Amino acid sequence: MGVSRNTKLFVGLIYVSHCMYGNFLALSSVVALGANIICNKIPGLAPKQRTICQSRPDAIVAIGEGAKLGISECQYQFRNKRWNCSNIGSGDSMFGHVHLVGSREAAFTYAISTAGVTYAVTQACSQGNLSNCGCDRSKKEGRFSAQGWKWGGCSADITYGLKLARKFMDAREIEEDERSLMNLHNNRAGRKAVKEKMRTECKCHGVSGSCTMKTCWTTLPSFRKIGEHLRMKYNKAKLVEPIKGRRARRPVFLTLKKSKRPHRKPRRSDIVYLEKSPNYCEYDLTTGTLGTVGRKCNRSSTEIDGCGLMCCGRGYNTHQYTRTWQCNCKFHWCCYVNCSTCSERTEEFTCK
């Protein structure tokens, strides 16, 4: 995954400000000017996204980290598949549109990217790195429950994370067509996944280790759990079709294509897609695939990671390597060490 030089420079400007003032709340006018310049050069930003970038340079850093987090998780979840997210995360696709085909893979990309941004913004709030948010104010200390616990500590402000992620990620959907409806739906599914996976942690207080009082707060799970949750949603993704209004030429909502009930809408948490996925065997950027030539495969597997399926019947190359290292080392008094030399032959298989 590559990050543009402009993005690195932008993050560098913010980092300098952080070192000078101790936190992101004191961005200097020099950094603000630099943010304007850099935001105009970051590829793929929609006009509203560029405005957010210029007005909230601290937020765009968290948003960028969230986008990278989503891409990294996407690549992990599909590491053994023909499509492995290797076509996203560089150039215009960091913040702009990805995939020309409205497939399951495109749907997952939007969901996991938006989930990453929601997660990173919420985390940045809890860490005090954003100027307009902090801990969740709705969970104030002193609200007791019948079970003997109260809110305390710093609860993650998921509401703010959802709001900013929606504002930024949805801003690129300006076409008002069925693909935009699909992207917006999957953006919402990604945000909802983060909200649903929020957890409550508690700490006991009392004399001699008793638990007469519990202080609780909400916190983010590991992002891997969110990735696994969305991967399950991907496996059960729903095929949809657009429905146009009576007087409007543009589509107004999406309905399930394979449903016994007419005009049945998908659930908000569903991942939805418009078109059948390509096989991802050959290099074709119009379908969002780099092909499987050169990909590693498992010769003994009959699953999709096996050489038969991964290589799409083209065959595979075998590479042999010999690894050597020092082993069975013994210390002799005094003072030297004797070691044997061990070696291991390994084979690696890559698709033709």
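This is a predicted model: local features need pLDDT of at least 70, side-chain atom pairs count only at pLDDT 80 or more; totals for chains, interfaces and linings use all residues.
User: Why is the pair Cys39 and Cys53 called a disulfide?

Analyst: A disulfide is counted when two cysteine sulfur atoms lie within 2.5 Å. The sulfur atoms of Cys39 and Cys53 are 1.8 Å apart, so the pair meets that cut-off. By this rule the count comes to eleven disulfides.

User: What does the link of Cys39 and Cys53 tie together?

Analyst: Cys39 sits in helix α2 (residues 29-41) and Cys53 in helix α3 (residues 47-55), so the link joins parts that are 14 residues apart in sequence. Both Cys39 and Cys53 are buried. The angle about their S-S bond is -75°, and the link is left-handed.

User: How do you know that Cys74 and Cys85 form a disulfide?

Analyst: Their sulfur atoms are 1.9 Å apart, and the cut-off is 2.5 Å, so Cys74 and Cys85 qualify. This link is left-handed too, with -60° about the S-S bond. It connects distant parts of the chain: Cys74 belongs to helix α4 (residues 57-77), while Cys85 is in the loop between α4 and α5, eleven residues away.

User: Is the link of Cys202 and Cys216 left-handed or right-handed?

Analyst: With 105° about the S-S bond, the link of Cys202 and Cys216 is right-handed. Cys202 is in strand β2 (residues 199-205) and Cys216 in strand β3 (residues 213-219).

User: Why does Cys202 count as partly exposed, and why does Cys216 count as buried?

Analyst: Buried means under 20% relative accessible area and exposed means over 50%, with partly exposed in between. Cys202 has 40% relative accessibility, so Cys202 is partly exposed. Cys216 has 2%, so Cys216 is buried.

User: What makes the nonpolar surface patch?

Analyst: Tyr283, Leu285 and Leu290 make this patch, which has an area of about 330 Å². Leu290 lies in strand β8 (residues 289-290). A patch residue needs over 30% relative accessible area. Leu290 has 37% relative accessibility, so Leu290 counts as partly exposed and passes that cut-off.

Key
Residues are numbered from 1 along each chain as its sequence is written. Side-chain values use heavy atoms; hydrogens and water are left out. Patches are made of residues with over 30% relative accessible area and no salt bridge: like charges are joined within 9 Å, nonpolar side chains (Val, Leu, Ile, Met, Phe, Trp, Tyr) within 5 Å. Accessible areas come from the Shrake-Rupley method with a 1.4 Å probe; for residues, only the protein chains shown count as cover. A salt bridge is a side-chain nitrogen of Lys or Arg within 4 Å of a carboxyl oxygen of Asp or Glu. Helices (H or I, at least four residues) and strands (E, at least two) are DSSP runs, numbered from the N terminus. Buried means under 20% relative accessible area, exposed over 50%, partly exposed in between (1.4 Å probe, protein chains only).
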